Amino acid sequence: MEAVPRMPMIWLDLKEAGEFAFNAASAVNVPRDFEGCSTLRKYFGQLHYLQSRIPMGAEQEAAVPIAWTEIFSGKTVTHEDIKYEQACILYNLGALHSMLGAMDKRVSEECAAGAFTYLRDHFPHSYSVDMSHQILNLNINLMLGQAQECLLEKSMLDNRKSFLVARISAQVVDYYKEACRALENSETASLLGKIQKDWKKLVQMKIYYFAAVAHLHMGKQAEEQQKFGERVIYFQSALDKLNEAIKLAKGQPETVQEALRFTMDVIGGKYNSAKKDNDFIYHEAVPALDTLQSVKGAPLVKALPVNPTDPAVTGPDIFAKLVPMAAHEASSLYSEEKAKLLRDVMAKIEAKNEVLDQFMDSMQLDPETVDNLDMYSHIPPILMEKCAALSVRPDTVKNLVQSMQVLSGVFTDVEASLKEIRDLLEEDEAQERKLQELLGKVPPSQGSPPPPSPGLAEVSKECSKYMEVHQKASFTNTELHKAMNLHIGNLRLLSGPLEQVRAALPSPTLTEDDKQVLQNLKRILAKVQEMRDQRTSLEQQLREMIQKDDITTSLVTTDRSEMKKLFEEQLKKYDQIKVYLEQNLAAQENVLKALTDANVKYAAVRKALAEVEQKWNTTVQTLVASYEAYEDLMKKSQEGKDFYTDLEGKAAKLLEKARAACQAAETNRQQILEKEMKKQPPPRPTAPKPALQKKPLELEAGGLDAGDLPPPGSLVLPEL
């Protein structure tokens, strides 16, 4: 994936400044480069210094009309407020960074996100549509997503660990999902106008694309850990998500199509190789994707903060002599008091949150999955797909059985032919040995067997070769039958009524007490979440109060000696929300104690549910594997039939050849024996043996001497 073509990025247009009352616009019309960013930052800082000294805010004495175009409508929007000028400059700073970030060097997205974040948090949202809260949130998530995307590119180029790359890619998906939610909001869509569809289409495509990249690298991690079943499902999921991205990429530029084609080559190759290896080598069960731990994003980018008073950025304060600094200094002191209050409260919140997070991690209780009873009430979609596919192929099992029966028949015929050939050869060898023993050339049971005739030698050689091939193929045939027997029952089940499939899936059996324990645990987990949500809400309220708390006007009219008292009076406004937060934090101990007790009672139920869920997943995976094995079994069965049909023809020809050769050898032996009989002298008259006239000669295994042979025509031969 290191050489994958880059995806295009979204960038924002700059706002245009209207006429200004005092002088022609200069600082607002900047070049589209980093020097332009520097100019905007300096101008923004000096505006900040100016507005804190001269009353140029809304409805103040020195306020002047300030005009800027609104991006989406092109209309000119005018406000008599110096903060409007600051807001527009800040917007252009973010837009210019987005423009530079979309260029080939791919930098500046974090700066853009920082500018839009500062604009959202420190300025009114009613100035113009393009600076509304919804649009700024959209811009922030787009910029953070693109910044994370750039980090992902670098991580792949640097060959970082697969799991880290997967988490970085998952975070890209998270940022783009947030942006997509904003784009799908009807109010935001109406504000954006026609560009909303283009942005939404690109972002949706990227969500699926980077989800595919995340699962690709999760598959690579599984490969590194030799978890070959997990590797297959991750690569399959990556392939599915990439196909969705391709569907959404219609009409996108060629750079997008190139990236998708390149990625398809990578993921497709990985998936095919992993599946083949697992099917034929590792044979690991392929888990369902939802049974694996989800990939959590790793947010490694952040919105870079904007500091309007940083002299390294803004330069010296050119308005330092215009206004006394006493009020400004006092305001800074008050801001520090507010910051101290926030730090104290946040320290307590973070400490409690850390304890809560560690406790929940140790419990391993996910409110979303603690009660998974609903999954057992229906057949999972993946099995429904397989059942539906088999319903239109009713002869699936029949075809497989018939195919295997034909294979078995051909296999048996081959084996019978080879056995008959072997028997003929052994019989011929025995007859040849008997002849040699009869002629006295080979002592009984001694020496090596007599050499066969050239014709039989060739038959023996061919038979040995066919036997060797047959024995090797026999093992494969046996394994194929085992595989068929393993899957045939599951295929029959999937081909049958859905009620039978549902009945074959394990399901938990809970008593009323078990159900009560489960409900109690869910209730307490809901309390935990309620406590979290309330804590987050109170924290947000406190932050908003502090952000809006500006007592500059009061400080100007307050004597320095009264400043401390004024601070104390002003800070009392936070007492009520601090009490609520303290109550929330104090309640945590009781909630966690109740959760501990509930979890103890839940242990037995949890174990039972986990065991059933494991069996359920295993059963589903086994049934799916049987369905997916059908085509492979049919293919291998056909290959076996073709192989044995060919071998059967060869064996039949060899059998005929063996019969002819054995017949020729038998004829030859008979001729040899007759010649030998004619060479023998007549019997000795002095020692007649009447028994020879009545009973055939019994030949001993030790052979015959010349004087022991009976006269020609009186020998009875053993059947050879």
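Helices (H or I, at least four residues) and strands (E, at least two) are DSSP runs, numbered from the N terminus. By that definition the chain has 20 helices and three strands, and one of the helices is H19 (residues 575-679), where Asn 584 is found. This is a predicted model, in which local features need pLDDT of at least 70 and side-chain atom pairs count only at pLDDT 80 or more, while totals for chains, interfaces and linings use all residues. Residues are numbered from 1 along each chain as its sequence is written, and side-chain values use heavy atoms, with hydrogens and water left out.

**Chain totals**

- Of the 720 residues in the chain, 41% are buried; buried means under 20% relative accessible area, exposed over 50%, and partly exposed in between (1.4 Å probe, protein chains only).
- The chain has an accessible surface of about 39,500 Å², and carbon and sulfur atoms account for 53% of that surface. Accessible areas come from the Shrake-Rupley method with a 1.4 Å probe, and for residues only the protein chains shown count as cover.
- Taking contacts between residues at least 6 apart in sequence, 81% join residues at least 24 apart; contact means heavy atoms within 4.5 Å.

**The sheet and its surroundings**

- Three strands form an open sheet in the order E1-E2-E3, with antiparallel pairing; two strands pair if DSSP finds at least two bridges between them.
- Strand E1 (17-20) and strand E3 (76-79) are the edge strands, each pairing on one side only.
- On average, neighbouring strands of this sheet are turned by 25 degrees against each other, direction ignored.
- E1 and strand E2 (residues 66-69) run antiparallel and are joined by two bridges. Phe 20 stands opposite Ile 66 in E2.
- Helix H2 (residues 82-101) lies across E2 and E3 and runs at about 30 degrees to E2. Axes are lines fitted to C-alpha atoms, for helices over the stretch in contact, and angles run from 0 to 180 degrees between N-to-C directions.
- Glu 16 lies in the segment before E1 and is exposed, with a relative accessible area of 54%.
- Not counting residues up to four places away in sequence, Glu 16 touches Trp 68 and Thr 69. Between Glu 16 and Ile 71 there are 8.4 Å in space, C-alpha to C-alpha, although the two are 55 residues apart in sequence.

**Salt bridges**

- The structure holds 29 salt bridges, a salt bridge being a side-chain nitrogen of Lys or Arg within 4 Å of a carboxyl oxygen of Asp or Glu.
- Glu 149 and Lys 206 meet through their side chains in a salt bridge (3.0 Å, N to O). Glu 149 lies in helix H4 (residues 133-157) and Lys 206 in helix H7 (residues 195-224), so the pair ties together parts that are 57 residues apart in sequence.
- Glu 149 counts as buried at 2% relative accessibility, and Lys 206 counts as buried at 2% as well.
- A salt bridge also joins the side chains of Asp 279 and Lys 275 (3.0 Å, N to O). Both residues lie in helix H9, four residues apart, about one turn of the helix.
- Asp 279 is partly exposed, with a relative accessible area of 36%, and Lys 275 counts as partly exposed at 26%.
- Asp 549 forms a salt bridge with Lys 573, with 3.3 Å between the closest N and O atoms. Asp 549 lies in the loop between helix H16 (512-548) and helix H17 (552-556), and Lys 573 in the loop between helix H18 (563-571) and H19, so the pair ties together parts that are 24 residues apart in sequence.
- Asp 549 is buried, with a relative accessible area of 10%, whereas Lys 573 counts as partly exposed at 36%.
- A network of salt bridges links Glu 223, Arg 231, Lys 270 and Asp 277.

- Asn 584 counts as buried, at 3% relative accessibility. Leaving aside neighbours within four places in sequence, Asn 584 is in contact with Met 531, Gln 534 and Arg 535.

**A nonpolar surface patch**

- Phe 280, Ile 281 and Tyr 282 form a nonpolar patch on the surface, with about 300 Å² of accessible area together. Patches are made of residues with over 30% relative accessible area and no salt bridge: like charges are joined within 9 Å, nonpolar side chains (Val, Leu, Ile, Met, Phe, Trp, Tyr) within 5 Å.
- Ile 281 is found in helix H9 (residues 254-282) and is exposed, with a relative accessible area of 53%.
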